[in-house]
Amino acid sequence: MATRYKDTFVNSQTYEMIVIGGGPAGYAAAGAAGVFGHRVALVERQHEIGGAGINFGTVPSKTLRETALALSGWRSRQLFGVDLSLRRNATIDDFMHHSNDVTRGERSRVLNRLGELGVEFVHGTASFVDPHTVRVAQSGEPNRTLRGDFIVIATGSSPFHQWRRSDPSVRREPVPAEAPLPAGEH
Ligand SMILES: Cc1cc2nc3c(=O)[nH]c(=O)nc-3n(C[C@H](O)[C@H](O)[C@H](O)COP(=O)(O)OP(=O)(O)OC[C@H]3O[C@@H](n4cnc5c(N)ncnc54)[C@H](O)[C@@H]3O)c2cc1C
C-alpha cells in the first residue's frame, strides 16, 4: 500500500468494478456486471442517472418528435376518415410535459433495475487517485474514496466545437406563430 494514500485507503470502500458515468454505456456496463453477481459501484456527477441518452438526447428528442407528430395530426392523416384537426393551441408546456414524464419513467426503470442487481449508485464527480482508486467529490459532502479491481470509464464525449455543445435544457424561446410543425423523418 502506498504510504501517500494510506489514510485514503483505510477509509475506502472496495468493489470488483467501479463504473464512472451513468449514461447508456455506464449503466449497461454496471448492469451487466451486476447480472453476474459482481459488487459494482456506478458514479454519476449529475443528480440523475441516464446521461445524454435519457436526459437530453435520444429519449427526449424522440418523445418531442412523436408528440409533434401526434399534435399536428400527421399520424392520423394516414388513417382514412380520422379527424385531421391540428391542435393550434398546443404549447411548449404540452410538449415538455410528456417528454419529462417519459424521461422520469426511464430514469426510474434504470435505477430500479440497477438496484435489483445490487449496483450501488454514487452521486459525485469521479477522479483517479491511482489506477485502482477513485475519489468522488460531492458538493457540500466529504469526498468518498472507492477502490476497484476494474474501472470502466464511460464518461461520454463532447463535440470538438465547444460553443456548439448541446444545451442540457431544451431552449424555450418563443416559436413564431407561422413556424411549421415537423412532419417528416429526421
Ligand atoms: C440531441 C441528441 C439526440 C440523440 N439521439 C440519439 C438517437 O436517436 N439514437 C442514438 O442511438 N443516440 C442518440 N444520441 C446519442 C446518445 O445520446 C449518446 O450516444 C449516448 O448518450 C452516449 O452514451 P454514453 O454513456 O457513452 O455517454 P453519456 O450519455 O454522455 O453519459 C456520460 C455520463 O458520464 C457522466 N460523467 C462524465 N464525467 C464524469 C465524472 N468525472 N464523474 C462522474 N460522472 C461523469 C456524465 O454526467 C454523463 O451522465 C443523441 C444525442 C443527443 C445529444
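Colleagues, the structure is a predicted model, in which local features need pLDDT of at least 70 and side-chain atom pairs count only at pLDDT 80 or more, while totals for chains, interfaces and linings use all residues. Residues are numbered from 1 along each chain as its sequence is written.

I begin with the fold. The chain contains 6 helices and 6 strands; these are DSSP runs, helices being H or I of at least four residues and strands E of at least two, numbered from the N terminus. Along the sequence they follow the pattern α-β-α-β-α-α-α-α-β-β-β-β.

I turn to the sheet. The 6 strands form an open sheet with mixed pairing, in the order β3-β2-β1-β6-β5-β4; two strands pair if DSSP finds at least two bridges between them. Because β3 (120-123) and β4 (125-130) stand at the edges with a single partner strand each, one side of each is left without a neighbour in the sheet. From one strand to the next, the twist averages 45°. Strand β1 (residues 13-20) pairs with β2 (residues 40-44) in the parallel sense over 4 bridges, and Val-19 stands opposite Leu-42 in β2.

Helix α2 (residues 24-35) lies across β1, β2 and β6 (144-153) and runs at about 170° to β2. Axes here are lines fitted to C-alpha atoms, for helices over the stretch in contact, with angles from 0 to 180 degrees between N-to-C directions.

Which residues come nearest to the ligand? Of the 24 residues around the ligand, they are Gly-21, Gly-23, Gly-51, Gly-57 and Gly-156, where near means a C-beta atom, placed from the backbone, within 6 Å. Elements giving two or more residues to this shell are α2, β2, α3 (51-55), α4 (58-71) and β4.

Finally, the core. The largest nonpolar core has 24 residues, of which Ile-18, Val-19, Ala-30, Val-40, Leu-42 and Val-43 touch the most other members. Such a core is a set of buried Ala, Val, Leu, Ile, Met, Phe, Trp, Tyr and Cys residues joined through C-beta atoms within 7 Å; buried means that 20 or more other C-beta atoms, placed from the backbone, lie within 10 Å of the residue's own. Strand β1 gives the most to this core, with 5 residues. Beyond its neighbours within four places in sequence, Val-43 has contacts that include Ile-18, Val-122 and Val-136, a contact being two C-beta atoms, placed from the backbone, within 7 Å.

Methods. A residue is buried if 20 or more other C-beta atoms lie within 10 Å of its own, exposed if 12 or fewer, and partly exposed in between; C-beta atoms are placed from the backbone.
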